[in-house]
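Hi everyone, thanks for coming. Let me put the structure up on the screen, and then we can walk through a few parts of it together.

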Amino acid sequence: MKAFTRLNGLVCPLDRTNVDTDAIIPKQFLKSIKRSGFGPFLFDEWRYTNYGEPGMDCTNRPKNPDFVLNQPRYQGAQVLIARDNFGCGSSREHAPWAIEDYGFRVIIAPSFADIFFSNTYKNGLLPIVASAEIVDRLFKECAASEGYKLDVDLEAQTVTTPSGFSFKFDITPHRKHCMLNGLDEIGLTLVHAEEIKAFEAKHKAAQPWLFA
Amino acid sequence: MAGKTLYDKLWDSHVVRQEEDGTCLLYIDRHLMHEVTSPQAFEGLRLAGRKAWRSSSIVAVPDHNTPTNHWDRDIEDPISKAQVDTLDANIKEFGALVYFPFKHANQGIIHVIAPENGATLPGMTVVCGDSHTATHGAFGALAHGIGTSEVEHVLATQTLVQKKSRAMLIKVEGQLGAGVTAKDVALAIIGKIGTAGGTGYCIEFAGSAIRGLSMEGRMTVCNLAIEAGARAGIIAADDTTVAYLQGRTHAPKGADWDKAVAYWKTLHSDADAKFDAVVEIPAASIEPQITWGTSPEQVLAVGGTVPNPAKEADPVKRASIERALQYMGLQADMKLTDITIDKVFIGSCTNSRIEDMRAAAAVVKGKKVAANVKLALAVPGSGIVKRQAEAEGLDKIFIAAGFEWREPGCSMCLAMNADRLSAGERCASTSNRNFEGRQGPGGRTHLVSPAMAAAAAIAGHFVDIRQA
Ligand code: SF4
């Protein structure tokens, strides 16, 4: 996993609630057996006016000029801001893969769906929960000034706007440690392999039918 | 000390270790798998030179990409076929307790086949790289969807790194009215608490109306917990659960059976257990439901009218209603029963069990699908459901009414195979998601119960099943 420490990144506003993972990456792209290459198809049905197929070259596809990702001022954005319940729906990890592959490293929203939220961390993508008031402020400031950037500092757990306004965000110590160091969670867990085996033996003795 | 919730009991009995910040390593008993979210996990395992910790925990089946007709032609889409072949190869390499490859007599949707083979049991932790894993909570198991990195983590370590959720109790007391099904109960709950209402919670469904449901109905309710934002929904095991499981292939046998049943009976919330949130919905207040928008929370009782955004004060909500109406091609204030449909889909892990097939067949029996309905699909959830339905003559009823009777699979629930809506087409669907493009790009989905979908197929527009 890519480590995440600090980022000063251009912001792209996606002013919608309940952005679901079907919208983030439509199902036809789930047929891939790879983890990469989803970026060009991120928000495919909103971004392009024709139907996307896996393996397509997207450079010449007709784009929807109204969709934020297609507006020149947001090219190269690394911070995505959105409204409530971002990432709801299907558990597909292709959604964070697509967002990360496109170039985003941070998503800020008032709330996230649970499965999506834990999927993001595993892929070096930092989800930040901020109050609806703060998110609203970011949307307004972003609309008002072209080239609007946010400074995200994971060590300090802060987000700072160009005007110097700053807010803190929460993250569990375990997740923070993994992200700051880009650690492989499986390797970390296997350090406790003996404990897992001991638990398993006890569990099997109590409920042998679970192991039948 | 306050008593324990069912969730506490299931959680506590699986904690391998706990970190200071509360993060736990949770032991996983059952690992369900399908072809879409597993290939990258197996690939990761191989790249790291790791083995599967306990492949006998795996129950796998290809279901999303498999066609539901012309099985003699195999899988025609080469990309779909590659994904199914990859699952075959991975199971061959790593092993599994149960694997039903494409065309196997028992193949079907993972969430239908695990319970019917007795592979989902009370007291288990169950995971799958699929959000509708919540379905298995109907057995008093802690079941939830995970991402592909977590699939790999479970494969390699038999554990998940998890923080405990909060506990919510949703109580539905009383008797459900005629024509009101488990699907309507679940949709009414989502309508009440919203699609994010359960975020961060494990929901326990309780109350006499829930206890009165069959296992099929309970699975429908838990299946939709995720559409209320909750990773997991659970219902305590009782005599209905035990009766369902007895004699199933992978259910315990002999002395183990008695011991298991005695243990399962302890798996319920204590009378003095504390929940972080409690929601009560009187059963009598629930009417047949129908979604009008592009989120499952955009749902109303069938007698209602399409919302008018002008009446919504909150600007964010107003914008989302406007967007939904535009996508769905609906007029504000029109009656829900005036909405005409183009296609009908009876199936998916929400409603493709034998009881669902029976309910739909009872409505269409001796009638004909309306002329404006271009396609009506009845897709059983598994080979076992299909054979049972055929033994009862349900296939003939569907076919005589103008339905197509298909082979099992996910089908038009998410349109990864050939079953899909074209742009602008409107569908009465028994599935679980009405998101934009879910059933095909530009397709319009209305979620309803099997009986309501069947009645809409006959009338060509939505009808109140109580008057059908
Ligand atoms: S039926 Fe639909 S929701 Fe259920 S597992 Fe298949 S695709 Fe997912």
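Let's start with T241(B). Setting aside neighbours within four places in sequence, T241(B) is in contact with P122(B), F139(B), M215(B), R218(B) and A236(B), where contact means heavy atoms within 4.5 Å. You can find T241(B) in helix 9 of chain B, residues 239–245; helices here are DSSP runs of H or I with at least four residues, strands are runs of E with at least two, and both are numbered from the N terminus. Is T241(B) buried or exposed? T241(B) counts as buried because its relative accessibility is 1%, and the cut-offs are under 20% relative accessible area for buried, over 50% for exposed and partly exposed in between, with a 1.4 Å probe and protein chains only.

A quick word on what you are looking at. This is a predicted model, where local features need pLDDT of at least 70 and side-chain atom pairs count only at pLDDT 80 or more, while totals for chains, interfaces and linings use all residues. Residues are numbered from 1 along each chain as its sequence is written, chains are lettered from A and ligands numbered from 1 in the order written, and side-chain values use heavy atoms, leaving out hydrogens and water.

Now, chain A. Chain A has eight helices and seven strands, and its C-alpha trace spans about 65 × 45 × 25 Å along the principal axes. Of the 212 residues in chain A, 58% are buried.

How many salt bridges cross the interface of chain B and chain A? The rule finds seven, a salt bridge being a side-chain nitrogen of Lys or Arg within 4 Å of a carboxyl oxygen of Asp or Glu. One of the salt bridges joins the side chains of E150(B) and K122(A), at 3.8 Å from N to O.
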